[in-house]
Amino acid sequence: MAVESTMAAKCTAEFVGTFLLIFTVGCNVLSGNAVWGGVSIASVLMVAIYALGNISGANFNPAVSLALGLSKAMGGPGLDFRTVGTYCGVQVLAGIVAALCYAVLFWDTFNLAPAEGFTFVGAGLCEILYTCMLCFVVLNVAVAKKNSPNDFYGLAIGYVIVAGAYGAGAVSGGCFNPAVAIGIDVASAGIGFGWCLAYILFEAIGAVLAVVLFKLVRPEDFDGEKTPFTDLISEFIGTFMLVLTVGLNVLGLSAAGAYSIAASLMCMIFALGDVSGAHFNPAVTVAIFCSGRCDDLIPARAAMYIGAQLLGGVAAAFTYAGIYGGRTFPLGPGQDYLWAEAFAAEVVFTFVLCYTVLCVAVSNATKSPVLFGLVIGACVTVGGNAVGAVSGGSLNPAVSFGIATSDLMGGGGLLSALVYTLAELVGAGLASGLFFVTHAVDKAKSEGDALKQEQA
């Protein structure tokens with residue numbers, strides 16, 4: 001039986017991890033690291049989680065501690081509120097000390113406030129939604145009974161910061177953590193103080209929302225039973241966060257858009273892969289259905305998955321449009337490119353995505369039980385950078401319909417979404433066809449196992 005760390009050790013771990021996180025935030029901001037700043041902050045969080053997770057649970061964030069406390073209070077896994085209160089106090093103290101240290105190091109500081117041109121509503125939505133995403137991923141990969149322990153928890157949690165920093169960060173600054181907000185505000189008190197109070201409220205709302213969603217997708221962790229709607233809720237949530245991240249990166253002219261979008265996909269796959277399969281893409285659902293390797297994915301179920309994904313994509317698109325005061329962007333070929341070229345680009349890289357899903361998440365011969373989320377998410381990095389300038393790199397009918405539907409407010413139409421969807425479904429079909437050829441060993445093994453059972 002493992003010996004539990006003392007409370008003093010746990011508090012020290014929480015102080016160290018939170019200090020490193022917020023000191024890294026300040027150093028990246030003050031050194032003007034616009035391209036790699038989000039990756040740097042995500043990486044220090046990931047490193048600290050792996051280093052200290054088995055000591056204190058590696059919360060490093062009062063919103064995360066609050067979410068764990070609420071989950072426990074509702075009968076699920078988590079922390080008791082006495083520990084939550086202690087952790088929150090240590091985290092806030094570490095945040096203030098870290099902020100004062102980076103201010104001394106650079107002999108400079110920066111203020112906490114929504115970005116120029118944005119109101120507290122837009123900034124609040126960003127903080128609520130991405131704090132929710134962060135807490136939701138923590139709950140699903142670190143404490144969910146069916147999905148933990150695992151080896152990907154630190155990667156999944158840390159890279160939520162990449163998902164949020166580049167898109168939402170352009171609106172709110174991308175705190176997602178009351179200790180970050182308080183530390184920044186205290187260190188810049190000479191410039192102005194007070195926004196941390198609003199940010200704490202936003203982030204607390206995000207934590208509460210995360211627990212509600214966690215209970216909806218994992219009722220078994222709360223002594224409930226899974227319903228037919230559980231998987232659909234999972235598909236809606238994952239697709240919503242993916243498409244929201246797409247829109248915020250595009251509208252925010254992100255320096256690392258494809259990587260941020262890939263991170264959002266990866267994190268949600270790790271969080272929900274064992275709930276619904278984490279398709280989050282009608283093309284992926286079609287490819288898996290056509291592969292014939294998932295007996296549970298009958299036509300009616302596949303249709304419901306696709307409906308939930310499309311609904312999630314459209315809801316997310318109107319959300320990012322609302323954050324930007326009604327601004328949208330069109331779906332179509334990039335400047336100097338033709339529709340035929342965009343169509344071909346969508347076919348090829350949707351094929352890459354769907355084929356990879358079939359290989360690492362469906363096939364028994366090549367399944368990757370640890371790195372599946374990273375590998376699938378990387379397909380978005382591949383396609384987004386390779387053909388983003390040609391077609392936008394949608395690779396997903398839920399993304400395509402979300403973009404096109406929200407752009408109706410700007411005078412756009414849905415024809416572009418239909419064309420893109422056709423290309424993406426062609427890519428899915430090609431992926432399924434090639435999978436039949438390269439992974440015939442799966443089918444042969446299944447038939448052999450069935451024959452052995454009959455003979456027995």
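A salt bridge is a pairing in which a side-chain nitrogen of Lys or Arg lies within 4 Å of a carboxyl oxygen of Asp or Glu. The structure above is a predicted model, in which local features need pLDDT of at least 70 and side-chain atom pairs count only at pLDDT 80 or more, while totals for chains, interfaces and linings use all residues. Residues are numbered from 1 along each chain as its sequence is written, and side-chain values use heavy atoms, with hydrogens and water left out.

## Charged pairs

Side chains of opposite charge can pair when their charged atoms come close. How many salt bridges does the rule give here? The count comes to 5.

| Pair | N to O distance |
|---|---|
| Lys10 and Glu4 | 2.4 Å |
| Asp274 and Arg218 | 2.6 Å |
| Asp442 and Arg293 | 3.4 Å |

To describe their surroundings, we call a residue buried under 20% relative accessible area, exposed over 50% and partly exposed in between (1.4 Å probe, protein chains only). Lys10 is buried at 13%, whereas Glu4 is exposed at 61%.

The pair of Asp274 and Arg218 has both residues buried. Helices, by the way, are DSSP runs (H or I, at least four residues) numbered from the N terminus.

## Nonpolar cores

A nonpolar core is a set of buried Ala, Val, Leu, Ile, Met, Phe, Trp, Tyr and Cys residues joined through side-chain atoms within 4.5 Å. The largest one here has 121 residues, and Val137, Tyr159, Leu244 and Tyr320 touch the most other members. Apart from this core lies another, of 23 residues, including Ile22, Cys27, Cys175 and Phe202.

Which residues does Leu244 contact, beyond its neighbours within four places in sequence? Taking contact as heavy atoms within 4.5 Å, Leu244 meets Leu129, Tyr130, Ala316, Thr319, Tyr320 and Ile323.

## Inside and between helices

Ala207 is found in helix H10, and its 0% relative accessibility makes it buried. Beyond its neighbours within four places in sequence, Ala207 is in contact with Ala63, Leu66, Ala67, Thr131 and Cys135.

Is helix H9 (residues 178-187) largely enclosed or open? In H9, 9 of the 10 residues are buried, so this helix is largely enclosed by the rest of the structure. Among those buried residues are Pro178, Val180, Gly183 and Asp185. Their cover includes helix H1 (7-30), helix H3 (62-73), helix H4 (81-106) and H10.

Finally, look at helix H17 (residues 397-406) and helix H18 (residues 415-438), which pack at about 175° with their axes 9 Å apart. Axes are lines fitted to C-alpha atoms over the stretch in contact, and angles run from 0 to 180 degrees between N-to-C directions. The two helices are roughly antiparallel, a label for angles over 145 degrees. The contact includes Phe401 of H17 and Tyr420 of H18.

Definitions and conventions
Angles under 35 degrees count as roughly parallel, over 145 as roughly antiparallel, 65 to 115 as roughly perpendicular and the rest as oblique.
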